[in-house]
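Q: Hi! I'm new to this one, could you walk me through it?

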Amino acid sequence: MTHPNLKNTSIIESVKGRGIPLAENDVDTDRIIPARYLKFITFEGLGAYAFYDERFDEQGKPKSHPFNDPRYSGASILLAGANFGCGSSREHAPQALYRAGIRAIVAPSFAEIFAGNSTAIGMPTVMVSSLHLDTLITLVTQNPSTEIHIDLKNKTLTTSSGWTCPVDMNEGYRKAFLEGSWDSTAVLLANLELIRKKAAELPSIR
Amino acid sequence: MTLLDKVWELHKVATLPNGQDQLFIALHLVHEVTSPQAFQMIEERGLPVLFPERTFATSDHIVPTDSKARPFSDPLAEEMMAALERNVKKHGIEAFFPGSGYQGIVHVIGPELGLTRPGITIACGDSHTSSHGAFGALGFGVGTTQIRDILATGTMALSKPKVRRIEVTGTLPKGVYAKDIIMTIIARLGVNGGLGYAYEYGGSAIQALGMEERLTICNMSIEGGARVGYVEPDEKTIQYLRGRPFAPKNIDDVAPYWLSFRSDPGTQYDDVVVIDGKTLEPMVSWGINPGQAIPVSGRIPSPQELPPNERDTAEKAYKHMKFFPGEPIEGKKIDVAFIGSCTNGRITDLREAARIVKGRKKAAHVRVYVVPGSEQVDAQARKEGLDTLFRDAGFEWRSPGCSMCLAMNPDRLEGEEICASSSNRNFIGRQGSPKGRTLLMSPAMVAAAAIAGEVVDIRKWEI
Ligand code: SF4
């Protein structure tokens with residue numbers, strides 16, 4: 001039995017949205033969210049600090065950066081370089097991107113822990129070849145209103161202009177999205193009756 | 001079956017589709033630093049805390065130890081404290097905040113309040129939750145996502161670890177403490193030696209230890225890479241819990257059930273390690289992880305003496321510590337001394353340090369902090385006059401909290417200062433200064449170092 005508040009929220013078969021290009025390789029989690037913002041007590045405001053040190057100078061003046069570019073505002077699919085999310089394993093890094101509106105990341109490869117942490121919050125990390133990534137970035141830069149459709153079921157990526165390419169991803173993660181099991185809270189709560197039974201069997205603490 | 005098998009089976013709710021087990025958490029301890037985001041995540045989904053009656057909170061990591069007047073001088077600390085106050089109120093969770101008489105480091109107050117007990121699963125958003133294993137419980141340190149899951153479901157997904165029995169035989173020589181046992185284990189098996197394992201500590205040297213010393217050992221299991229560490233409960237366990245505020249009133253009726261949580265005779269362990277207690281010495285860490293530790297009579301190892309996979313870290317350690325291979329650790333000058341933390345901030349630790357300090361004075365150049373692990377420890381120590389004894393020696397007596405264990409409050413190292421510390425981690429920057437240096441040792445050794453102004457061998461002292 002699923003908890004009433006969790007009904008059908010967990011299955012993710014596809015992600016649709018506009019792209020935002022950030023084609024550098026080896027972007028580490030310190031760049032995604034500088035360490036000093038880890039102190040925030042909630043994840044809520046974290047989105048505003050994604051890539052903060054690259055977006056703003058020391059006086060807080062905006063620098064040229066895709067996340068400051070109005071053409072990409074509202075974009076939800078990050079087009080990134082290889083080995084994205086390397087460095088320290090902080091859960092804050094995918095959270096910062098998620099809170100900044102990102103719902104999926106496309107890159108030639110990902111750091112393993114980053115991909116795991118992203119999966120745990122429902123943000124698919126899908127892989128495309130460097131060649132396809134270059135084409136995709138060119139399409140998006142030329143026309144930022146291009147819609148991207150990532151189909152996890154059929155492992156394809158299609159743009160509104162009709163261009164398409166295959167995508168790859170960790171099979172375990174893909175299954176977790178298609179079944180909704182990426183959401184550990186939902187998976188655990190599915191056993192609510194068993195949990196209550198166990199609680200009743202065990203000695204109380206008070 | 002091992003104790004781990006028994007507690008695991010008892011709390012297992014289901015096997016999950018990914019092959020992990022869903023484990024019921026009988027006791028969830030919450031503190032101000034790792035919980036706010038977890039509360040936020042369940043609220044965003046409109047989920048309640050499923051078992052508030054099994055959830056307890058305290059504030060320890062960021063509370064200042066000089067003045068607990070509100071608002072705290074650090075706005076971030078104040079924000080975290082306020083968030084926890086809000087969350088416990090909203091979700092009906094009992095909390096022990098400063099001034100309640102019960103506040104303290106989460107791993108000190110669990111046992112001291114009688115919340116920790118044999119045969120249960122315990123989780124807390126702090127690595128050193130393994131401490132609670134001293135009572136024959138399984139204590140899991142968890143991250144934010146798991147805190148969220150435990151709040152919302154009372155359970156978490158886990159893979160069952162293997163069990164390594166660590167048998168410490170014989171009796172300990174004078175001047176050798178629980179801290180030295182666990183530091184020896186970590187130094188021998190390595191900081192990753194316990195990956196995939198639970199550590200079961202046993203043998204005559206472990207049985208001879210009091211409950212608070214067993215807490216010290218289990219506390220640092222995690223520093224050896226083990227998921228949990230535990231000691232099988234015995235009469236001492238029952239005696240310790242008797243009369244504690246939350247312990248069952250009919251403790252003699254419950255005792256046989258508690259004592260049933262033991263590994264069966266003849267159990268096959270996945271691994272067994274035997275350590276001869278009488279050969280142990282006081283230990284001191286010389287590097288930047290708790291495995292880089294040597295007997296106080298020893299010399300800092302050279303890279304050639306180390307396994308190839310430890311040489312890189314050793315090079316980093318020489319550089320950071322400004323120590324050289326071959327140097328003795330005894331005689332290293334210190335600037336700061338810290339007695340406290342969930343490893344060694346309990347009353348028996350303070351008594352042992354006091355025994356050494358009595359009638360002596362700290363070295364002029366050393367700053368010394370004594371930070372009791374909880375308000376109850378503080379009260380007991382004052383009753384015994386320990387606060388005055390330490391103050392007379394020139395030590396600063398602070399109020400309870402994590403303090404210089406992780407320096408999230410104003411107690412911290414400056415510049416390259418070296419600190420003799422009774423805590424559990426000597427990572428670079430851990431004590432608040434990126435260049436600060438930490439030497440881990442037992443509280444008695446810290447007290448002696450504070451007096452001598454340098455690392456000394458406590459066995460050479462008249463005590
Ligand atoms: S004393 Fe140190 S290790 Fe213990 S709970 Fe506090 S910060 Fe963690």
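A: Happy to; we'll talk about the nonpolar cores and then the salt bridges of this predicted model.

Q: Great. Which residues have the most contacts inside the largest nonpolar core?
A: They are B:Trp286, B:Ile334, B:Leu350, B:Ile356, B:Phe390, B:Phe395 and B:Leu439, in a core of 55 residues. Several elements of chain B each supply at least two residues of this core, including helix H11 (311-321), strand S15 (336-339) and helix H16 (443-452).

Q: And which one gives the most?
A: That's H16(B), with 8 residues.

Q: What does B:Leu439 touch?
A: Leaving out residues up to four places away in sequence, its contacts include B:Val284, B:Met321, B:Phe323, B:Ile334 and B:Val455.

Q: Switching topic: how many salt bridges are there over all chains?
A: A search of the whole structure finds 42. One of them pairs the side chains of B:Glu232 and B:Arg262, at 3.9 Å from N to O. The two residues are 30 apart: B:Glu232 is in the loop between strand S11 (228-231) and helix H9 (235-241) of chain B, and B:Arg262 is in the loop between helix H10 (251-259) and strand S12 (271-276).

Q: Is B:Glu232 buried or exposed?
A: B:Glu232 counts as buried because its relative accessible area is 12%, under the 20% cut-off. B:Arg262 is partly exposed, at 34% relative accessibility.

Q: What about B:Asp252 and B:Arg242?
A: Their side chains meet in a salt bridge of 2.9 Å, N to O. B:Asp252 lies in helix H10 and B:Arg242 in the loop between H9 and H10 of chain B, so the pair ties together parts 10 residues apart in sequence.

Q: Which residues do salt bridges with shared partners join into one network?
A: B:Arg165, B:Glu167, B:Glu200, B:Glu232 and B:Arg262.

Note on methods. Residues are numbered from 1 along each chain as its sequence is written. Chains are lettered from A and ligands numbered from 1 in the order in which they are written. This is a predicted model: local features need pLDDT of at least 70, side-chain atom pairs count only at pLDDT 80 or more; totals for chains, interfaces and linings use all residues. Side-chain values use heavy atoms; hydrogens and water are left out. A nonpolar core is a set of buried Ala, Val, Leu, Ile, Met, Phe, Trp, Tyr and Cys residues joined through side-chain atoms within 4.5 Å. Buried means under 20% relative accessible area, exposed over 50%, partly exposed in between (1.4 Å probe, protein chains only). Helices (H or I, at least four residues) and strands (E, at least two) are DSSP runs, numbered from the N terminus. Contact means heavy atoms within 4.5 Å. A salt bridge is a side-chain nitrogen of Lys or Arg within 4 Å of a carboxyl oxygen of Asp or Glu.
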